[in-house]
Amino acid sequence: MEFAEVTTLMKATALELAILTGRLVLYPTGIAAERRSSPEPPAPLSPARRPVVLLHGFVDNRSVFLLLRRSLTRHGRDRVESLNHSPLTCDLRAAAVLLGRRVEEIATRTGAAEVDIVGHSLGGLIARYYVQCLGGDTRVRTLVTLGTPHSGTTVAPLADAHPLVRQMRPGSGVLRELAGPAPDCRTRFVSFWSDLDQMMSPVETARLDHPDLLAHNVRVSGIGHLALTVHPTVVAGILDALDADAPGTPDARKEGPEGRKDGSEGRRDGSEMRRDTPEARKEGPGAASVA
């Protein structure tokens with residue numbers, strides 16, 4: 001491993017530890033369900049008004065989205081709801097059914113015909129099952145997944161005692177269902193994955209590759225699993241993805257977030273994103289990309 005790669009890994013690890021510390025401090029604030037806002041009269045739908053639903057990952061709660069929620073609000077998304085799925089949940093399919101009920105309740109309460117969803121890790125997989133297998137594509141316009149094991153992860157084999165972990169393993173019944181045909185799915189997917197995500201083994205499992213889905217894969221370099229919900233590069237990408245005029249605009253379904261002429265998008269922190277192609281993936285940990 002080259003010196004630059006070692007330095008990048010050390011920085012990513014330090015950032016992960018800092019974020020983990022912050023999450024432990026904030027965790028008690030997210031245990032209780034979010035207080036619901038009062039009903040709103042129906043309003044014309046626009047990217048700035050469409051509700052955004054945030055869904056956390058395994059053994060987490062809604063507190064992980066504190067910074068992302070603030071960024072969404074500052075960006076004009078005034079209807080953001082962070083949901084908790086029960087820590088006692090043992091079946092991803094059941095969690096997806098409950099998510100569907102919550103989405104319907106949000107749609108009824110706000111008058112919105114569609115919502116956007118951002119799911120971290122397991123939350124992204126729950127949302128994808130709802131969209132792809134339970135008819136949620138009629139309600140969800142864009143689904144953004146952050147470090148979600150779309151093809152299954154082999155990390156932490158001792159955790160297989162938990163049913164949800166087994167459902168996130170390669171070849172599980174849930175993942176076989178998601179790999180099946182989905183020719184009429186209308187939701188647009190944007191999947192962020194990191195080359196240093198230690199919860200994804202292999203890291204490419206967080207890519208969403210399905211012939212029937214309108215999917216973009218966004219490769220981010222130099223950050224770990226926990227940082228995907230707070231890193232400025234990813235947050236900016238999420239905002240771009242939610243503002244895209246898709247589905248319904250063919251060009252928007254085919255194109256990723258706009259970047260520089262060389263296909264990359266510079267960031268003040270030195271990170272960048274490029275189009276996620278097989279050639280780009282061969283460049284190694286020093287690159288980042290967008291599809």
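Start your tour at the largest pocket, which holds about 690 Å³ of space. To find its centre, select Phe58, Ser121, Met199, His225 and Leu226, the closest to it of the 30 residues that line this pocket. Here a pocket is an open set of points on a 1 Å grid over the protein atoms alone, where a 1.4 Å probe fits, with protein on both sides within 12 Å along at least five of seven lines; lining residues have an atom within 4 Å of a point. The volume is the space filled by probe spheres set on the points, which are joined across faces, edges and corners.

Before you go on, note that this is a predicted model, in which local features need pLDDT of at least 70 and side-chain atom pairs count only at pLDDT 80 or more, while totals for chains, interfaces and linings use all residues. Residues are numbered from 1 along each chain as its sequence is written, and side-chain values use heavy atoms, with hydrogens and water left out.

Next, select residues 3–26, helix α1, which gives the most to the pocket lining with 8 residues. Helices (H or I, at least four residues) and strands (E, at least two) are DSSP runs, numbered from the N terminus.

Now move to strand β3, residues 115–120, where 6 of 6 residues are buried (under 20% relative accessible area, with a 1.4 Å probe and protein chains only). In a regular strand the side chains alternate between the two faces of the sheet. In β3, Val115, Ile117 and Gly119 point one way, and Asp116, Val118 and His120 point the other way.

What flanks this strand? Click on Val53 and you will find its bridge partner in β3, Ile117. Val115 stands opposite Val140 of β4. From β3 the chain crosses through helix α4 (residues 122–133) to β4, a right-handed β-α-β crossover (clockwise from the first strand over the helix to the second, with the strands pointing away from the viewer).

For the last stop, select Leu92, Leu99, Ile117, Ile126 and Tyr130, which have the most contacts inside the largest nonpolar core, a group of 30 residues. Such a core is a set of buried Ala, Val, Leu, Ile, Met, Phe, Trp, Tyr and Cys residues joined through side-chain atoms within 4.5 Å. Helix α4 gives the most to this core, with 7 residues.

Key: Buried means under 20% relative accessible area, exposed over 50%, partly exposed in between (1.4 Å probe, protein chains only). Two strands pair if DSSP finds at least two bridges between them.
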